[in-house]
Amino acid sequence: MREKYWRESVIFTSYSTAYHMNDRNKLIVAKDWILKLANGINPLDGSIIPDGDIVNNVYISRCLFYVSELLGTLPQKSNKKSKEYENEFYIKPEDIEKVTIVERTGIANFVREINKLIPENTRPISYGKILNWLMANGYLEEVEVDNFGKRKNPTASGCAVGISAGLREGTNGQYWAVEYNSNAQRFILSNIYAISEA
């Protein structure tokens, strides 16, 4: 009952917040939510959507990515300032040691664990920033996957540090997944300052 009440509260708050936004911010939220759904993430509470859910169907996922890209091309003029943080991303060396490491995980979940330990009013690091760094430094690349379009895939260097990718089977079809083992997670943490400054 408590879990149900919490989830309903999150949904009500999310809908209420979106309802009172101006058109530009609604567009940003819509794009963000659609992109999260396309990546198998519940946009309301950040949880991972089960493999068998309809949004993980390959055709649904491709449509969501396409719509997200279209929304990103629309004009986004606004005088409203984005949230300001007192400090750019920083995590104390002793807190890096406290980041939860698991056997295998996706980048969104791992980044969430990192941001749990940053000081208050500090800009969180985004998984996009980490992915961009991994690509710029030769650990990830974009490849064309049959029926999936362009997807990120580890290079030989990426595989060497523990990044893997491939098709996974869900009850509603196949989907492309990039995963990071415990060694890859530690590799990212060992380079977190370089990543944040890139």
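Colleague: What covers the buried residues of helix 5?
Modeller: This is a predicted model: local features need pLDDT of at least 70, side-chain atom pairs count only at pLDDT 80 or more, and totals for chains, interfaces and linings use all residues. Residues are numbered from 1 along each chain as its sequence is written, and side-chain values use heavy atoms, with hydrogens and water left out. Helices (H or I, at least four residues) and strands (E, at least two) are DSSP runs numbered from the N terminus, and contact means heavy atoms within 4.5 Å. The cover includes strand 1 (104–105), helix 6, strand 5 (173–181), helix 8 (182–190) and helix 9 (192–197).

Colleague: Which residues of helix 5 are buried, and what arc do they cover?
Modeller: Buried means under 20% relative accessible area, exposed over 50%, partly exposed in between (1.4 Å probe, protein chains only). I107, A108, F110, V111 and I114 are the buried residues of helix 5. They sit on the same side of helix 5, because their arc, taken from the directions from the helix axis to the C-beta atoms, is only 160 degrees.

Colleague: Is the ring pair of W133 and Y139 stacked or tilted?
Modeller: Rings of Phe, Tyr and Trp (its six-membered ring) pair if their centres lie within 6.5 Å; planes under 30 degrees apart count as stacked, over 60 as edge-to-face and the rest as tilted. The whole structure holds 4 aromatic pairs. For W133 and Y139 the centres are 6.0 Å apart and the planes at 10 degrees, so the pair is stacked.

Colleague: How many residues apart in sequence are the parts tied together by W133 and F187?
Modeller: Their ring centres are 6.2 Å apart and the planes at 50 degrees, so this pair is tilted. W133 lies in helix 6 and F187 in helix 8, so the tied parts have a sequence separation of 54 residues.

Colleague: Which strands stand at the edges of the sheet?
Modeller: Two strands pair if DSSP finds at least two bridges between them. The open sheet has 3 strands in the order 1-5-4, paired antiparallel. Each edge strand has a single partner strand, so one side is left without a neighbour in the sheet: these are strand 1 and strand 4 (163–170).

Colleague: What stands opposite S164?
Modeller: Strand 4 and strand 5 pair in the antiparallel sense over 8 bridges. The residue of strand 5 opposite S164 is E179.

Colleague: Where is N121, and what is its phi near?
Modeller: N121 is in the loop between helix 5 (107–115) and helix 6 (127–136). Most residues other than glycine have a negative phi. N121 has a positive phi, near 60 degrees.
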